[in-house]
Amino acid sequence: METISENRCFGGTQGVYRAASSACSCDMTFGLFLPEQARLGPVPVLWYLSGLTCTHENAMVKAGAQAHAARHGLALVFPDTSPRGEGVADDAAYNVGQGAGFYVNATEAPWAANFRMWDYLAEELPQLVTTEFAIDPERQAITGHSMGGHGALTLAMGLPGRFASVSAFAPITHPTASDWAGKAMTAYLGPDKAAWAPHDATLMMRERGLDAPLLVDQGGADQFLEALMPEALAEAMAARRQPGSFRIQPGYDHSYFFVSTFMAEHVAFHADAMSAA
């Protein structure tokens, strides 16, 4: 593992690191905030999954999460959104290719060679950070924005028992019913929508639900509402009687101004859940 940078931040350390990934067959970069409490022993960790076109840096710089995490003594992990580099497949479209991994294990050429983001986030990166840093593997929570909200929801439902709590900001909720999100799913997983089902939060909510507290915030003025389909997830939560909160925030759009506005509440939500874990 290579240290790219480390900066003092709210009493703790904001680092950026790079390590070879066997899952993605390339080097992968991630950000990690460790609060001051990590000097005394392992701390709980909140995973933040970013959206389309983002790197590890977007949320690390724009979300304002470190101040809130420091207050609660939480670590933050900011993974990249896809494999990158020379020899890694890409596409001119912003919603397929580098910056758009969709947190799946691709099965279709040319993506299958590198785009194995599910394995990277479900196994490889958690093992790395809990081995190399003062992070408690028994106290984990997950959140994300847009494509990252989709990833947070599907990873949590696909890995029952892993996360003490789950939240999402404006998640992509129903790719099997969305032509826009379906483009990436077709590229990575092929045209058979049965293969997409384990990566469709609405279908997963209907079929299995979530074994952890859930908080979802959606901007009421989000410019991508038709593609995100928040009503599908809300209806699935209601039909399953899933414990959780789904909040429409009037006037807010899809930007990090929206995310940063409600970040304190999300971090506190996860801190409470992990303190009870």
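This is a predicted model: local features need pLDDT of at least 70, side-chain atom pairs count only at pLDDT 80 or more; totals for chains, interfaces and linings use all residues.
N58 sits in helix 1, which covers residues 57–62. With a relative accessibility of 18%, N58 falls on the buried side, because the cut-off for that label is under 20%. Its side chain comes within 3.0 Å of the backbone nitrogen of T55. Once neighbours within four places in sequence are set aside, the residues in contact with N58 are A63 and Y256.

On to the cysteines. The disulfide count comes out at zero. C26 has no such bond, and the nearest cysteine sulfur to it, that of C24, lies 5.4 Å away. For C54, the closest cysteine sulfur also belongs to C24, but the gap is 17 Å.

A23 turns up in the loop that links strand 2 (12–21) and strand 3 (26–34). Despite the loop setting, A23 is buried, as its relative accessibility is 13%. Leaving out neighbours within four places in sequence, A23 is in contact with N114, R116, D119, Y120 and E124. As for A273, that residue is 250 residues from A23 along the chain, and the two C-alpha atoms are 30 Å apart.

How values were computed. Residues are numbered from 1 along each chain as its sequence is written. Side-chain values use heavy atoms; hydrogens and water are left out. Helices (H or I, at least four residues) and strands (E, at least two) are DSSP runs, numbered from the N terminus. Buried means under 20% relative accessible area, exposed over 50%, partly exposed in between (1.4 Å probe, protein chains only). A polar contact is a pair of N or O atoms within 3.5 Å; within protein, one must be able to donate a hydrogen and the other to accept it, and residues adjacent in sequence count only if both atoms are side-chain atoms. Contact means heavy atoms within 4.5 Å. A disulfide is a pair of cysteine sulfur atoms within 2.5 Å.
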